[in-house]
Amino acid sequence: MTAHLASAADPTAAETLLWVAVPYAALAIFVVGHYWRYRYDKFGWTTRSSQLYENRLLRLGSPLFHFGILVVIVGHVIGLLIPESWTDAVGISETAYHVVAFTLGVIAGIATLTGAAILVYRRRTVGPVFSATTRNDKIMYILLVGTLVLGLGTTVLANLTDEPHNYRETVAPWFRSIFAFQPDTGLILRAPLGFQLHVLSAWILFAFWPFSRLVHVFSMPLGYLTRPYIVYRSRDEQLGARAPRRGWERVQ
């Protein structure tokens with residue numbers, strides 16, 4: 001206990017690097033990188049859709065991945081940003097919160113990983129899709145899947161061994177302390193190694209995010225609401241239901 005208090009009060013250089021410098025560097029790259037990408041690479045701000053090459057596996061894997069990851073993100077936002085005292089104040093016990101969070105988290109995590117596995121299999125086995133896959137895409141998939149596996153694996157393993165860790169007493173307040181510009185390394189150091197690896201993997205993913213196809217998460221087609229109508233001209237020989245009047249025949 002004494003050693004832990006000393007570490008919390010006076011973190012080592014390695015601890016400061018991992019739990020202070022890395023988060024702030026990742027956040028800075030995340031924000032500045034997105035600005036740079038939007039400013040200088042608007043035409044590259046896309047998912048580079050490969051639907052035209054193959055649709056059957058995409059229709060199965062894409063909904064599983066996207067709906068699953070949406071639940072995972074919402075769960076992380078709630079778990080990391082809402083203090084435990086707030087849920088206690090409204091009558092939600094830690095046991096009830098843990099059961100709901102674990103159940104939904106496992107279901108969403110399995111759905112996300114299953115969808116990701118289908119999408120990766122599709123990219124590897126469908127020739128045109130594989131040809132359109134860049135080295136950047138491969139790195140993105142490794143970081144994304146690795147982060148998901150670490151998070152889901154740590155959670156499931158801890159519950160199977162009857163040693164679940166209450167991350168809302170360690171990881172969550174440390175995460176909030178980063179944004180409060182008062183990083184408390186002692187909190188994250190109390191978390192199990194699996195949670196620490198999951199957090200580090202997530203920071204690396206955030207730093208890589210602006211330079212990958214993941215930027216499409218922030219794309220919102222708001223312009224569709226105000227853009228003018230598009231007028232199409234028919235290529236049919238017969239225009240409309242009536243034959244053209246004499247003198248108004250179509251010029252070939």
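## Aromatic pairs

Two rings of Phe, Tyr or Trp, the last taken by its six-membered ring, are paired if their centres lie within 6.5 Å, and planes over 60 degrees apart make such a pair edge-to-face. In this predicted model, a search of the whole structure finds 14 aromatic pairs.

One of these is formed by Phe 30 and Phe 218, whose ring centres are 6.0 Å apart and whose planes stand at 75 degrees, so the pair is edge-to-face. Because Phe 30 belongs to helix α2 (residues 13-40) and Phe 218 to the segment after α10 (193-208), the pair ties together parts that are 188 residues apart in sequence. Phe 30 counts as partly exposed at 21% relative accessibility, and Phe 218 is also partly exposed, with a relative accessible area of 45%.

## The aromatic cluster

Phe 30 and Phe 218 are members of one aromatic cluster, which also takes in Trp 19, Trp 174, Phe 175, Phe 179, Trp 203, Phe 206 and Trp 209.

## Arginines over rings

Arg 168 lies over the face of Tyr 97, at 3.6 Å from the ring centre, while Arg 124 lies over the face of Phe 130, at 4.8 Å from the ring centre.

## Helix α5

Helix α5 (residues 94-125) has 32 residues and spans 45 Å from its first C-alpha to its last, which is close to the 46 Å expected at 1.5 Å a residue. Tyr 97 is one of its buried residues, and these also include Val 106, Thr 112, Ile 118, Leu 119, Arg 122 and Arg 123. The buried residues of α5 pack against α3 (56-81), α6 (127-131) and α7 (135-160).

Methods: Residues are numbered from 1 along each chain as its sequence is written. This is a predicted model: local features need pLDDT of at least 70, side-chain atom pairs count only at pLDDT 80 or more; totals for chains, interfaces and linings use all residues. Side-chain values use heavy atoms; hydrogens and water are left out. Rings of Phe, Tyr and Trp (its six-membered ring) pair if their centres lie within 6.5 Å; planes under 30 degrees apart count as stacked, over 60 as edge-to-face and the rest as tilted. Helices (H or I, at least four residues) and strands (E, at least two) are DSSP runs, numbered from the N terminus. Buried means under 20% relative accessible area, exposed over 50%, partly exposed in between (1.4 Å probe, protein chains only). A charge sits over a ring if NZ of Lys or CZ of Arg is within 6 Å of the ring centre and within 35 degrees of the ring normal. The expected span of a helix is 1.5 Å times one less than its number of residues. Contact means heavy atoms within 4.5 Å.
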